[in-house]
Amino acid sequence: MALVLALVFLPTGLLALQAGLTAFAAKREALQQTAGVKELAAVAAFREDAARLREVARMLATQSPQISANPAICDSTLKNMSKEFSEFAALTILNADGRIVCSNMEGARGKTTHAKPLIDRAQYSGDAVTDYVSDPTVGGEPVLGAVQRSLDSQGRQPLFSGVTRTVTPMLESVINVTENVTGFAAITTANGQISLNVGEPLNASRQRDLETFLSSKADVIDRDAFPLGPYWVVASRVSPEGLMVIRGWRPAPLTSGDVLAVSLALSAPLALW
């Protein structure tokens, strides 16, 4: 008789179990969405730093026609300016071919920049353009760079003001702002392709999953957290060109309350048997 009753109530028990686990999963997702709000706020500081790069590039562009006339004096002027903008790696004035006219960086003058694609884009843009540069001309560490177009003192030849900031510490700050310092932070192209990752590495499969998700679910950017393997992730655009910062974190371990909720979800169906 007991076996018959158990079989009768088995579907009810399984439905209750499913309902309990579904409710618990929804609670866990809600917690990660709340965490995502904090992580997006952490990314906002990165976005503000990128905006400041563009702001200083614009400011330098207004002065470049005058100060670039004498390259040696220009080097000295930019070195003095870099004391005011100490967070930046390089303040540079370049010509359309990518040759460095003058810079605060020692030994940079006369070299050809590795950021020529940025100059080419700035040539046809009315505003400063921003991008990741993996191999800067001087300094060696990857940077985030902004370039703004202007004209020389005769108003004939284009000049370009370039401002860079070492990007790895910027990404490390994104990880360390909130209480959850697990996971990774990465700078990516507009389609989610990772250019630089700090923290826990993402394997090729996870990177492909990230690119596929962002290309099909662009509405989550700057809004929702989403799962990626063992991580929850937020994505934020940090430049008009679509450059993004991705922040992924591992959910915090289950609390005693979480364990109790799971136990109740699993044991409730047994009461029906």
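The legends below describe close-up views of a predicted model. Residues are numbered from 1 along each chain as its sequence is written, and side-chain values use heavy atoms, with hydrogens and water left out. Local features need pLDDT of at least 70 and side-chain atom pairs count only at pLDDT 80 or more, whereas totals for chains, interfaces and linings use all residues.

**View A. Salt bridge between Glu39 and Arg247.** The closest N and O atoms of Glu39 and Arg247 are 3.0 Å apart. A salt bridge is counted when a side-chain nitrogen of Lys or Arg lies within 4 Å of a carboxyl oxygen of Asp or Glu, and a search of the whole structure finds 12 of them. The Glu39–Arg247 pair links distant parts of the chain, 208 residues apart: Glu39 is in helix H1 (residues 2–67) and Arg247 in strand E10 (residues 244–249). Helices (H or I, at least four residues) and strands (E, at least two) are DSSP runs, numbered from the N terminus. Glu39 and Arg247 are both buried; buried means under 20% relative accessible area, exposed over 50%, and partly exposed in between (1.4 Å probe, protein chains only).

**View B. Salt bridge between Arg52 and Glu87.** The N to O distance between the side chains of Arg52 and Glu87 is 3.0 Å. Arg52 is partly exposed at 31% relative accessibility, and Glu87 is partly exposed at 28%.

**View C. Surroundings of Arg165.** Arg165 belongs to strand E5 (residues 158–166) and is buried, with a relative accessibility of 18%. Beyond residues up to four places away in sequence, Arg165 touches Asp49, Leu53, Glu87, Phe88, Ala89, Pro142, Val143, Leu144 and Met170; contact means heavy atoms within 4.5 Å.

**View D. Salt-bridge network of Asp219, Arg223 and Asp224.** These three residues are linked in a network of salt bridges. Within it, the side chains of Arg223 and Asp219 meet at 3.6 Å, N to O. Asp219 is partly exposed, with 48% relative accessibility.

**View E. Disulfide between Cys74 and Cys102.** The S to S distance in this pair is 1.9 Å. With a disulfide taken as a pair of cysteine sulfur atoms within 2.5 Å, the count comes to 1. The torsion about the S-S bond of Cys74 and Cys102 is about 45 degrees, so the disulfide is right-handed. Cys74 in helix H2 and Cys102 in strand E2 (residues 100–103) are 28 residues apart, and the pair links distant parts of the chain. Both cysteines are buried.

**View F. Largest nonpolar core.** A nonpolar core is a set of buried Ala, Val, Leu, Ile, Met, Phe, Trp, Tyr and Cys residues joined through side-chain atoms within 4.5 Å. The largest has 35 residues, of which Phe46, Leu78, Leu91, Leu144, Val167 and Ile187 touch the most other members. Helix H1 gives the most to this core, with 8 residues. Apart from it lies another core, of 15 residues, including Ile194, Ile221, Tyr231 and Ala235.

**View G. Polar contact between Ser150 and Ser64.** Ser150, in strand E4 (residues 143–151), is buried, with a relative accessible area of 10%. The side chains of Ser150 and Ser64 make a polar contact at 2.8 Å. A polar contact is a pair of N or O atoms within 3.5 Å; within protein, one must be able to donate a hydrogen and the other to accept it, and residues adjacent in sequence count only if both atoms are side-chain atoms.
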